[in-house]
Amino acid sequence: ENAYGTLHGGAISTIVDVVGTMAIMSKDPTKPGVSVELGTSYASAAKSGTMVTIEGRLLKLGGKLAFTQVDIFREDGKIVATGRHTKAV
């Protein structure tokens, strides 16, 4: 929680990191990879205590790089944030 009583941006970036890694490992559990780039765009706030839904997907798993996208939604369906994560595998 941040000073405004909403989900902290750093926590959101951590979710993008962890869920992106889980998406990669769903295809190959031996390749969690190492972060090369992580970017997060914040669209709306989620008040503390609000239930959120997190969707992570593997966009591409190549020989050297993996690309993922993670979206976070509020209970009302409004997007809170979207992140892209590139990892060396």
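Before the sheet, a note on terms: two strands pair if DSSP finds at least two bridges between them. Helices (H or I, at least four residues) and strands (E, at least two) are DSSP runs, numbered from the N terminus.

This is a predicted model, where local features need pLDDT of at least 70, side-chain atom pairs count only at pLDDT 80 or more, and totals for chains, interfaces and linings use all residues. Residues are numbered from 1 along each chain as its sequence is written, and side-chain values use heavy atoms, with hydrogens and water left out.

I found 4 strands in an open sheet, ordered 1-4-3-2, with antiparallel pairing. Strand 1 and strand 2 (52-61) are the edges, each pairing on one side only. I also looked at strand 3 (residues 65-74) and strand 4 (residues 79-88), which pair in the antiparallel sense over 9 bridges. Ile72 stands opposite Ala81 in strand 4.

Is Thr21 buried or exposed? Thr21 counts as buried because its relative accessibility is 13% (buried means under 20% relative accessible area, exposed over 50%, partly exposed in between; 1.4 Å probe, protein chains only). Leaving aside residues up to four places away in sequence, Thr21 touches Pro32, His85 and Lys87 (contact means heavy atoms within 4.5 Å). Gly10 comes out partly exposed, at 34%.

Strand 1. Last, I looked up Val36, which sits in this strand (residues 34-42) and is exposed at 52%.
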